[in-house]
Amino acid sequence: MTPPRVLVLWCPDWPLTAAGTDPAVPAVVLTSGRVSACTAAARATGVRRGQRLRDAQRYCPDVEVLDEDPEGEARAFEQVVSVIEETCPRVEVVRPGLAAIPARGPSRYYGGEEVVGGMIRDAVLGRDFVCAVGVADGTFAANLAARAAFDDDGLRLIPSSSTAGFLAPHPVSVLEMPELTGVLFRLGIRTLGDLATLPPRDVLARFGAEGGVAHRLATGQEARPPAPRATDEDLSAHIDFDQPVEQTEPAVFAAKALADQMHAKLGERGLACVRVEVEAGTADGETRSRLWRHDGLLSSLAVAERVRWQLDAWRTAGQLNGHLTHLRLAPDQVVIDTGRQLSLWGQAENDEQVARAATRIQVMLGHAAVTRPQLAGGRGPGERVVRVPWGDSVAPTLPADRPWPGRLPQPSPAVVHPEPPPARVLDAAGTPVAVSGRSTVSAPPARLTVGKKEHTITGWTGPWPVREYWWERSRHRRCARFQVTTEDGRAWLLAIEDGRWSVEAVYD
Amino acid sequence: MVAARRQRAAAALASVVDAQIEPVREDPGLPVLPALHGLLPGLRRGQVVEVDGTGALALALLAAPSQDGSWCGVVRMPELGVAAAAELGCNIDRLLLVDEPGERWVDVTAALLESADVVLLQPPARPPTGVVRRLVALARKSGSALVVAGGWEGSSLRLKVESSSWSGIDQGHGRLRSRRVKVVASGRMVGGRPRTAWLWLPGPDGSVSNADLASVASMEERLAARAAAVGGDDTEPTGDDATSPAEVA
């Protein structure tokens, strides 16, 4: 069965276009430390997607580095989508930068695919967005056609009869399944044509569901066979807000629950959806809807995230002004769920369980309540660790792998007080111990009082003066540290700052 | 004819019985550092271990499981020394910290017990008996080990640091280098007889190792050999030493 004709509009390097970068300026967008998009100028110097920033900077030292901003990308792409919608409805956003439209209806109405493609291309180009349009059987082939068209006149039609021939010379890497295509490449299957000639059953047996999808795409079919189902079943989930909501946040929260409902309904029937339709209605009677690519891969949280992008985009564009009264999520094009293969030994499953627990705790206590520690640079015991909220990836501002002269020597204390409790340190005569500006100790410390407990000091060392950030008033710190052992076998890290002693850490 | 058949069958059966059938091995549970083997062979899944204090001993229990790829949840311990944990051998990428769960610490611990392999908890001063029982049952059901830093009824093993002495520090000079501790394990799991072990926590090389007399002697030999090779004593941190504190201008 041949898939329906699809028209795909592709805006190259969208993350950079959305950020307003000139293609002639070398710039890259970073996603977790790797290049996820680059401008044409950067590409010309040898920068590629997937490179580390260090490598990209080696090719192009003056490259401008931008951070990923998915919400901004989605918001900016809304302008493109609204231009397309003037010509034909039912635009599906595959991801910001890539939109797909069923081509059959519009091409009949306007009199040919070439006419529709040209109209859409010119309309988008007219708004100063670089783009290319491809029309072919199925989204996958149309996407490749659009990419092929980009170097050409920006429009490429692949007739149904020659879809397989068009796909054949493309390398398998265009499938964007790095694990699978890595194996295929090593087996000598370099192009989609090579893959298409293999018997589908053997591919499925050897590579599982993912291999089956790859084979179907390579032969010019839809990624998943459509699921036969009773059309009267309502698989959508919707909510009417009793109190119309003004802010996006409560709607996004509701969207998460809706996505859960929708996934549960689909899951009961062993189905997945290719697209999800987000529909929002306002108190003044407006209703907007938009399709987002799903492919059975998105979690409820990811769906909610897309709802947030969409609502933000509509609001920024002034297309959704009133308070929200209802929100609806509907699965579009339902397919049989082939499931996901868990990796061997259940490691990945365990990670997923932990991720679920962490999210649950975040719902209970707030985003910053669950953290993962990361070593950072610093001299004091508390400065050497940053706690990064679960789900965030933040590189420490002060890297740990630099020399930090004056850093506490190993072993590190096992108990580090977030807020050092005050202490009193007395010498043998009972007078408080002081440290002069020249780092001399007034008398050997003999007694340590923390809270109500008094300890006899059996050994001590110091002072280790630290003077940090003298060039910055707010962070300036001048203190001296002591290590002290007491008669109960414990060791303490004491600090004196402005004549006041505190217990920074305990070696327990 | 029938007799012959029966004979053959009997012979076949005998060969089956003779062949040593490998007993089905129990779930080995979670590993612990080799130095702790004298106290506990491993963390059994569903076990509750009580440790006195939030110090290095509790962190040492997390070292081997986290290196093995198990997730370790840590609840109510904002003072956890992450750098120390890393030095003792923990893989800190596998730590999940919930520092201040407030009143919800029971729910948080329960959520973590269901997913992480080890949960380290510092309970409030007197946890209600019902809560204790619920969490112990949950640990057993989910197959995670619960390590409690503080008082806890219903633990099957209690680890206590009985004595500890730091070395490397003197009156006004030196720096902390190593600590020798005596750890006593008691409770149901070791029967009526408490076990005792001497440990370096941490040792002069930063790791956890055995510190009974035999290994101390060999350690001293090794250190003496190293000192001889380096050619001098290096007790006092000096300004040019990268890890020593010095004034930073």
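Asp13(A) is buried, because 22 other C-beta atoms lie within 10 Å of its own. A residue counts as buried with 20 or more other C-beta atoms within 10 Å of its own, as exposed with 12 or fewer, and as partly exposed in between, the C-beta atoms being placed from the backbone. Asp13(A) sits in the loop between β1 (5-10) and α1 (14-18) of chain A, and has a positive phi of about 50° although it is not a glycine. Helices (H or I, at least four residues) and strands (E, at least two) are DSSP runs, numbered from the N terminus.

The model is predicted: local features need pLDDT of at least 70, side-chain atom pairs count only at pLDDT 80 or more, and totals for chains, interfaces and linings use all residues. Residues are numbered from 1 along each chain as its sequence is written, while chains are lettered from A and ligands numbered from 1 in the order in which they are written.

Arg76(B), a residue other than glycine, has a positive phi near 65°. Arg76(B) lies in the loop between β2 (72-75) and α3 of chain B and counts as buried because it has 23 C-beta neighbours inside 10 Å. Most residues other than glycine have a negative phi, and most peptide bonds are trans. The bond from Gly462(A) to Pro463(A) is cis, with omega near -10°, and Pro463(A) belongs to strand β18 (residues 453-468) of chain A. The bond from Leu201(B) to Pro202(B) is also cis, with omega near 0°; Pro202(B) is in the loop between β9 (195-200) and β10 (209-210) of chain B.

Chain B has six helices and 10 strands, and 40% of its 249 residues count as buried. Two residues are in contact if their C-beta atoms, placed from the backbone, lie within 7 Å. Among contacts in chain A between residues at least 6 apart in sequence, 55% join residues at least 24 apart. In chain B, residues 24 or more positions apart account for 63% of the contacts with a separation of 6 or more.

The buried residues of α12(A) include Ala251(A), Ala254(A), Ala255(A), Leu258(A), Ala259(A), Met262(A), His263(A) and Leu266(A). An α-helix has 3.6 residues a turn, so residues three or four places apart point the same way. Among the elements that cover the buried residues of α12(A) are β9 (237-245), β10 (271-282), α13 (300-316) and β12 (324-336) of chain A. Just after α12(A), Gly270(A) takes a positive phi of about 65°.

Another helix of chain A, α4 (residues 70-87), packs against α6 (residues 113-126) of chain A at an angle of about 140°, with the axes 9 Å apart. Axes are lines fitted to C-alpha atoms, for helices over the stretch in contact, and angles run from 0 to 180 degrees between N-to-C directions. From α4(A), the contact uses Val80(A), Val83(A), Ile84(A), Glu86(A) and Thr87(A), and from α6(A), Met119(A), Ile120(A), Ala123(A) and Val124(A). By class, this contact has seven nonpolar, one polar and one charged residues. Ala, Val, Leu, Ile, Met, Phe, Trp, Tyr, Cys and Pro count as nonpolar, Asp, Glu, Lys and Arg as charged, and the others, Gly among them, as polar.

The contact between the two chains takes 53 residues from chain A and 52 residues from chain B. On the side of chain B, the elements giving two or more residues are α2 (56-67), α3 (82-87), β3 (95-98), α4 (105-113), β6 (157-169), β7 (171-172) and β8 (174-186) of chain B. That side has 28 nonpolar, 16 polar and eight charged residues. Strand β13 (residues 370-375) of chain A runs antiparallel to β3(B), joined by two bridges; strands pair if DSSP finds at least two bridges between them. Thr371(A) has Leu97(B) as its bridge partner in β3(B).
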